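Trainee: I would like to work through this structure step by step. Please show it first.

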Amino acid sequence: MKPKYYITTPIYYVNDVPHIGHAYTTLACDVLARWKRLDGYDVFFLTGTDEHGQKVEKAAETAGVDPQEFTDRVSVAFREMAVTMGISNDDFIRTTEARHKASVQELWKRLEASGDIYLGGYEGWYAVRDEAFYDEDELRTLPDGSKIAPSGAPVEWVVEPSYFFRLSAWQERLLAFYEANPGYIAPETRRNEVLSFVKGGLRDLSISRTSFTWGIPVPGDPKHIMYVWLDALQNYVSATGFPDPAAPRAAFWPADLHMVGKDILRFHAVYWPAFLMSAGLPTAKRVFAHGWWTIEGEKMSKSLGNVIAPADLVNTYGLDATRYFLLREVPFGNDGNFSRKALISRMNVELANDLGNLAQRSLSLIARNCEGKLPTAGPHTEEDATLLAAAAALPAQLRSRLDVQGFGDALEDVWKVIRAGNGYIDRQAPWALKKTDIARMGHVLRVLADVLRTVATVLQPVMPTSMAKMLDQLGVPETARDLAALATPLADGTPLPAPQGVFPRYVEEVG
Ligand code: ME8
């Protein structure tokens, strides 16, 4: 049986239109999901939309439609974003679905049965934009006297009856949990932030509201609507068919990785494991909090008018170049700045020149000089062996890079081999060998074809469409494109289709 791998994106609020921030998180998950499939895992990749709560209710009100109609309409935009970005998710969950409501109500009952829920009254600050409660000492006072949350969101004073989760009682158990699971929170700096937050003491968490109705009612007390984060986090468990232990995907829980932005780490690294432990459910294995994109040096915001829609990039630069750039440009975990100039430069230098030219040069020499058939491998010189060994090491290298979500490092590993391939073709000059040593020319071209095959195989998760084209041109059957297949050499003399450039240069339109 294949080993299982379960990966999730955050579920996005439907009050916003999808932008490259959302696309980035989903893309990172897609690359890992595709990589794990390539590496022989049975993958479950989940994404979806977060549709309840005051923020969505208000957005529906502003749009002048009923919240259900509003969420039906807007959640489609997130499904479309997944298609635009070439995302291979296996399921798309909406928190307004019956399967999710049943699962959340069961979670509530379990938390209640464990003695962690009590009825009280909440009096404090709440930011609707973040759907989060804040302590007085976390807030900043503006010159006009109003207060804002650390995220910049306005806060309001809330007084209402509320159920509470006894989070304060979980402080020590959470610290013991982080200690026992050092890989649970990544990267390390974020882990340290969470540890100091929890060490600073935890207050009980208000987990129901009575001042609006758009949400899942508390079992037995339907005046109360569950706190949207309790509702939302459970989506990850709902999608595995909880509480039915015989559901087809039941065995996927616990998730291997929750990918999130740094803005929502506290919910995933503090509240979520406490809820799960209290409910007697296994905790997820890892939460990775990535950084935040700015646009040409500025915060992305509707008021600045600089919000980038994923479709805009894909239509302008192509899907694979966009995917490559987003994961290549910034060390994963750091904040990054999006610039069109940087994207075009990576397209032209790394995709068109480094990789595209290497493939085009090698394949057109084979087409012209080897009757369009894969040449036979010959005795290897030291230089052949060095290059082939560097390529052969890629699957294991990438496995360890991607196991810690090191996308940039993984791509750099591949590019080292591509650059070495370019150095090799220049030194070996197979076009000159044609006249002096035709057998050696064939051997050199075969080394290049084998290196390109490995490179194209391991790059499939990042650039699925162009790498499929490259593998077609290298004569690799569709059934031999996973990592395990690399152990079997391609048959000598395999006929190759006419080569075609995979990565055109991007020429900016003037005017
Ligand atoms: O927080 N740069 O949903 P949300 C990078 N519904 N990533 C960005 C980004 C940016 N500028 N802007 C957004 C929610 N993101 C909750 C989640 S999960 C149980 C509930 C990404 O629609 C990033 O992943 O506000 C961030 O965490 C997420 O979008 C927030 O999406």
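Trainee: What span should the 19 residues of H1 have at 1.5 Å a residue, and how far apart are its end C-alpha atoms?
Mentor: This is a predicted model. The expected span is 1.5 Å times one less than the number of residues, so the 19 residues of H1 should span 27 Å. That agrees with the model, where the end C-alpha atoms of H1 are 26 Å apart.

Trainee: Is H1 mostly covered or mostly uncovered, and how many of its residues are buried?
Mentor: Buried means under 20% relative accessible area. By that cut-off H1 is mostly covered, and the number of buried residues among its 19 is 17.

Trainee: Which residue follows H1, and what is its phi?
Mentor: The residue after H1 is Gly40. The phi of Gly40 is positive, near 90°.

Trainee: Which element gives the most residues to the shell around the ligand?
Mentor: Helices H1, H7 and H8 and strand S1 each supply at least two residues of that shell. The most, four residues, come from S1.

Trainee: How many residues of the shell around the ligand are charged?
Mentor: The ligand is surrounded by 23 residues, with Asp50 and Asp263 among the closest. Twelve residues of the shell are nonpolar and nine are polar, while the number of charged ones is two.

Trainee: Which residue has a polar side-chain atom 2.7 Å from an oxygen atom of the ligand?
Mentor: Gly261 has a polar backbone atom 3.0 Å from a ligand oxygen atom, and Trp292 has a polar side-chain atom 3.5 Å from a ligand nitrogen atom. The side-chain atom at 2.7 Å from an oxygen atom of the ligand belongs to Thr25.

How values were computed
Residues are numbered from 1 along each chain as its sequence is written. This is a predicted model: local features need pLDDT of at least 70, side-chain atom pairs count only at pLDDT 80 or more; totals for chains, interfaces and linings use all residues. Side-chain values use heavy atoms; hydrogens and water are left out. A residue is near a molecule or strand if one of its heavy atoms lies within 4 Å of it. A polar contact is a pair of N or O atoms within 3.5 Å; within protein, one must be able to donate a hydrogen and the other to accept it, and residues adjacent in sequence count only if both atoms are side-chain atoms. Ala, Val, Leu, Ile, Met, Phe, Trp, Tyr, Cys and Pro count as nonpolar, Asp, Glu, Lys and Arg as charged, and the others, Gly among them, as polar. Buried means under 20% relative accessible area, exposed over 50%, partly exposed in between (1.4 Å probe, protein chains only).
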